[in-house]
Amino acid sequence: MALHQQYDLTSRIAAHLDRHLVFPLLEFLQERQQYPDDEILKAKIELLSETNMVDYAGDIHKSLYHTEEVPKEMLDRRAEVVMRLKSLEDSAAPLISFLQNASLVQELRPDKQYNLMMLNERYQIGPDQIEALYQYAKFQFECGNYSGAADYLYQYRALCTNSDRSLSALWGKLAAEILMQNWDTALEELNPSFFLVTPTLQNFSSPLSQLQNRIWLMHWSLFIFFNHENGRNGIIDLFFQDRYLNAIQTNAQHLLRYVGTAVIVNKRRRNMLKELVKVIQQEQHSYKDPITEFLECLYVNYDFEGAQQKLRECEIVILNDPFLGKRVEDATFSTVPLRDEFLENARLFIFETYGRIHQRIYIGMLAEKLNMDEDEAKRWIMNLVRNSKLDARIDSASSSLIMGTNHLNIYEQIIENAKNLSMRTSVLAKNILENVQPQGSR
Amino acid sequence: MASRFWTQGGSDTEEEESDYEEESETAAGPGEGGGRTQTNRYLKTDNASDSDDSDGQRRIVRSARDKRLDEMAATLDQIRNAMKINDWVSLQESFDKINKQLEKVARVIEGDRPPSLYIKALVMLEDFMAEALANKEAKKKMSSSNAKALNSMKQKLKKNNKQFEDYIIKYREKPESEGEGEEEEEEEEEEEGSEFEEDLTNISKPDEEEEEEGEEGEGTGEGAWEKKMSKKDKLMDKQFMKDPSEITWEIVDKKFKEIVAVRGRKGTGRIEQVEQLTFLTKVAKTPAQKLEILFSVISAQFDINPSLSGHMPINVWKKCVENMLIVLDILEQHPNILVDDSVEPEEKETQKGADYKGTIRVWGNLVSFVERLDSEFFKSLQCIDPHTNEYVKRHRDEPMFLVLAQDVQDYLERLGDFKAASKVALRRVELVYYKPQEVYDAMRRLAERRADGEDKDDAEAGEEGLVQEEIRGPLSFVVVPEVASRVPSFPESSRAFMDSLISLIYKHGDERTKARTMLCDIYHHSIFDEFAVARDLLLMSHLQDGVQHMDRSTQILFNRAMAQLGLCAFRGGLVPEAFGCLSELYTGGRVKELLAQGVSQSRYHEKTPEQEKLERRNQMPFHMHINLELLEAVHLICAMLLEVPNMAANTHDSRRRVISKTFRRLLEMSERQTFTGPPENVRDHVMAATRALTKGDFQQCFAVIDSLGTWKLLREREAILDMLKAKIKDEALRTFLVTYSSCYDSLSLDRLAAMFGLSEDHAHSVASKMMISEELQASWDQPTRCIVFHNVEPTRLQALAFQLTDKLNILAESNERAYEARTGGGLDGLPPRRRGEGQDYTGGGGGGGGKWQDGSFSASQGGRQQGRPGYGGGNRFGGGQQGGGGFSRDRGGQGGRGGGGGGGGYSSGYHTGRYQDAYGRSPYQAAVKGSQHETSARMVSLSRAGRV
């Protein structure tokens, strides 16, 4: 089995996604040509059979079997879907017409109870119609009309009183936004839904369903985090919360790949690395891929050769991952920005760790370790030194790099140790005095 | 009056019954009848109404008479002795005594004729008295008390002898023939009477009474009832065989109630009750009735062994299992019969016949029977000496029970009573969880062979049964075909077996059942070298938090699971994890107790008999033992591997971190020895290895470890020893680098690798790791492939200054905590638990504060450090609840650090719980262990109060 297939997570991820959300993954796979086209098309039809996107399924069928005919069951299904759509539309019609009238919508107030009363009294729109709106929105979503679904769901949530329904409407809205690639709105949407999943669910649902919800949320959010420019921080913030980290360890270890990538790429969240490495070590028996192995080589075993090799594998994995391997098309060539960033940062990681334990490094050797040629390596190092990220000097004569020793002066250490003592003591004394005085005055 | 006999007799019956047995066998029918005659006659005279006790009484009559006469003879001897020394005081006493005895004998012996022995005594006394009175000289010489006694004796005797004048005269006439003649007479009388009586009963007595007679006959057979079977059956047959059609449900029911009513009363023959009931099962009229009676049979069988410590006789146990199977057969055949112990069924419920359509409720509880059977099986294994053949034989019964449990479980599942089914499933799990695949296979084969060979066995048994059946006469009225399967079906692998049961239990079991199952599961996974799975199970279940509140046997199970988990981690080469699991067991030096594999004597504390008994009751049978030698070896080796480099690194450091106190103590002890001999036990071996490792001599170290005999117990010995060797090399390298870094300026990688037989990459990696963690003040010089040491050893003054700042820090910290504890605040917004923890820190810190004068900071550091790894571990899986319990334990820190070395945050997770529980589970000792455990001891005693 080829490397990229071996580390393909699509099947594991798809289990935690909405049916519709799997499409982008399949599209990506098709694009990457990792699997025979036919298989993917078949998978797509399979996927669509449960949805209402009958026309699309028909198209795929045509291209798969190179025929103009659409199987009869698909046609039947189409008729059925259209009929169903009609009936739902009818039942939800009063409310929809109300909502489409901008002036009427103005009458709605933030107070839900009032709105319900008002609708009921003036427009004879009761709970049935509202329920119908939900069904209609859901049906729209199934049909692939995401924007419509998103709108209706938004309005539904304003009127809905059932918290379970409200939650599933929220999920629906999130999915619709993701599918429409409205990353900004999706990220906004993620926040309320993420809050919903965390605290409220806790009160009335079993730990198992909480766990399930968290895992769903993490998977869905992958779309957003790796597409939104602000997502890199978001993913770390979300995934490193205890509850979510627990969820990852319990049931979704494959997400470690994304966490790992996010941490490596994110320069500002270096401090998470230690925790991540710990988690990776704990889970190494249940999940392993080049990215986690890379971190392990570098931070557990200090095996630089191994890290080097893993880095090369990482590149392949990243290119073939639907979330990580997103391409940016320029006029003439396409790049995968994440890959470049990842490699750059990983290189820096290797170098940093290597530098910490060495006194003198031969530049040629370093260049080899960093996958660069010697001059390039020299330039790279010089840049680092100039940006004062690195305390080192280059000894041109022996063409080696001499690392500055960074031992803390022993006296400094002692001073450091004793520094805050006086402060702490004075705070304590102050506290005690404060406590004593009121008692004394009493 | 009668009842007094009854109680007295009850205790003696066992000795006497055999005598009677022989007699009755030789005497056959008439003798038997004779016994009854006496009773009946007695009944007439004394207490005819109390028919319930009649059988017992009659038995006692016979024996009591002998006994009284014996007593009397003894008194007679005393009288003779007293006469010889002319001691009137004791004569007087003896005289009173013999009179009292006479009263008793009078009750026993029918009629008003006193026994010849008594008369003999009277005659003797009279003669002696006359002699004494005649001898005036002697009388004067007597002491005052003696003379007084003589006088009173004179009067008493006179008065007394008047009553028996006739007899005395008769006796004086022919002293010898008297007794014999009397006895003969008696016997004649008996014989006559018995014939008469027998006729009478046969003719006139109604059915019911006859039944009683039958019972009597049976009752006599106690102890040797099997021999007597035929006779008894004959009697039983008399009532029931005569006309089967006449036996009605009512008769059987009445009899049944009668027997059950006697149950538990003092002196009721337990075995005979079983027999009676078993007979009744044969004559039961409806399946439901049969079921009801069978339940009573089973209960009665459980009653046979009343003491908690002993076990049920094995043959009874087997019969009991068979009965259970019959119960299942009935239930299987008549699905309309419901077994229930919640509602009291109606009076006539069991009268409804087999063709009755509606549901019939029968009182009973299958699950508790199964559980009881299992406990009895367990107990028998506890009691039987494991080195005997009997023990092995007993093991063969295990499949038998498993079959029963399986059937009951299936039945309950069909009924939809999953809760009960899960309880039964747990019993099955507990029989299998400790078995490695080989043993499981062996059991499976045994069961299969049983199944194949069963035909033969069955045939034999059947024949036997048939023979017995013929003897017993009637076939049971309700014939039950064997529907429930007698053949166990075991899945191929024990894992599959466990999985199927476990999933059921997790779904439906109650808390305790689930917890136990979880522990069994962990244990089982550990046996199969699946450390990661077992660990995750343990951590996710939060078992270590609650285990100190659980019952004793669950705590033992927990300890066993931990021990096994530790062994598993060791086999997988995870030294810190293994140490984390095992260190706990060894902190108190009471491994044996904690694992319930024997009793260790504590020097400081005498156990009360109850504690000992309790402990004995919880002992594990031999075949479930975890090899203690291996366990100790693994624990000490892990401790060595962690502690030796640690000691080397911290020789001069003020903050000496102690990873394993136990190990340190052992090491100190062995260092104190003036002469170290060649290693003998596990401890010696590890100590010798430690000495070698401290010097960096990995070869010697490994050689010593390798010579341990206990490795042969491991399945993959070679692989594990290789792993161990690699680990030893690593640690030797680390120790070497730390110890001798001050002697080197630089050290080449080639040389280093060669010295320790490591690959260069590996040596590089080990050294790099030390550099990163700042254990080693050095760095690589890449072009020359050397380690360059930066000798930054602080001067003495500097080191002291460091120590000073450290101590000041600790002082400041403990001040702050003391303040917090006092004000109870300062940490606004933190949950109360955290705050409680803070207070505990104070305790730890305070302890340190007391000690720091002598320069040891271990206690307070333990207190401080425990929190940190604890949080790391606690956060995992648990939403933070996990860490809570254990933080207050002083030594939580050590364990946490032990795990922290390998970066396993989780290991601290299970430490925390373990501590409390190690102390929690044997509260009777916790109190001794010194102040640091007091909190836990208190906690436990609180929690135990309600339970025990």
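On the surface of chain A, the residues A:Asp373, A:Glu374, A:Asp375 and A:Glu376 gather in a patch of negative charge. A patch here is built from residues with over 30% relative accessible area and no salt bridge, like charges being joined within 9 Å and nonpolar side chains (Val, Leu, Ile, Met, Phe, Trp, Tyr) within 5 Å; Asp and Glu count as negative and Lys and Arg as positive, with His and the chain ends not counted, and each charge is placed at NZ of Lys, CZ of Arg, CG of Asp or CD of Glu. The model is predicted, so local features need pLDDT of at least 70 and side-chain atom pairs count only at pLDDT 80 or more, whereas totals for chains, interfaces and linings use all residues. Residues are numbered from 1 along each chain as its sequence is written, chains are lettered from A and ligands numbered from 1 in the order in which they are written, and side-chain values use heavy atoms, with hydrogens and water left out.

A:Asp375 counts as exposed because its relative accessibility is 54%; exposed means over 50% relative accessible area, buried under 20%, and partly exposed in between (1.4 Å probe, protein chains only). The areas come from the Shrake-Rupley method with a 1.4 Å probe, and for residues only the protein chains shown count as cover.

Elsewhere in chain A, the loop between α18 (290-301) and α19 (304-319) holds A:Tyr302, which has a positive phi of about 50 degrees although it is not a glycine. With 8% relative accessibility, A:Tyr302 counts as buried. A positive phi of about 50 degrees is also found at B:Arg785, again not a glycine, in the loop between β4 (778-781) and β5 (786-789) of chain B, but B:Arg785 is partly exposed, at a relative accessible area of 36%.

Chain B also carries surface patches. B:Lys393, B:Arg396, B:Arg445 and B:Arg449 form a positive one, in which B:Lys393, from helix α16 (residues 389-395), is exposed with a relative accessible area of 53%. A nonpolar patch of about 260 Å² is made by B:Leu804, B:Leu808 and B:Leu811; of these, B:Leu804 lies in helix α35 (residues 796-823) of chain B and counts as exposed at 52% relative accessibility.

Over all chains, the structure holds 34 salt bridges, each defined as a side-chain nitrogen of Lys or Arg within 4 Å of a carboxyl oxygen of Asp or Glu. In one of them, B:Arg80 pairs with B:Asp77, their closest N and O atoms being 3.1 Å apart; because the two residues are 3 residues apart in helix α2 (residues 54-84) of chain B, about one helical turn separates them. B:Arg80 is partly exposed at 29% relative accessibility, and B:Asp77 is partly exposed with a relative accessible area of 40%.

Another salt bridge joins the side chains of B:Glu430 and B:Arg516 (2.5 Å, N to O). Since B:Glu430 lies in helix α18 (residues 418-432) and B:Arg516 in helix α21 (residues 511-527) of chain B, this pair ties together parts that are 86 residues apart in sequence, and both residues are buried. In chain A, a network of salt bridges links A:Arg257, A:Asp289 and A:Asp321.

Key. Helix = DSSP H or I, 4+ residues; strand = E, 2+ residues; numbered from the N terminus.
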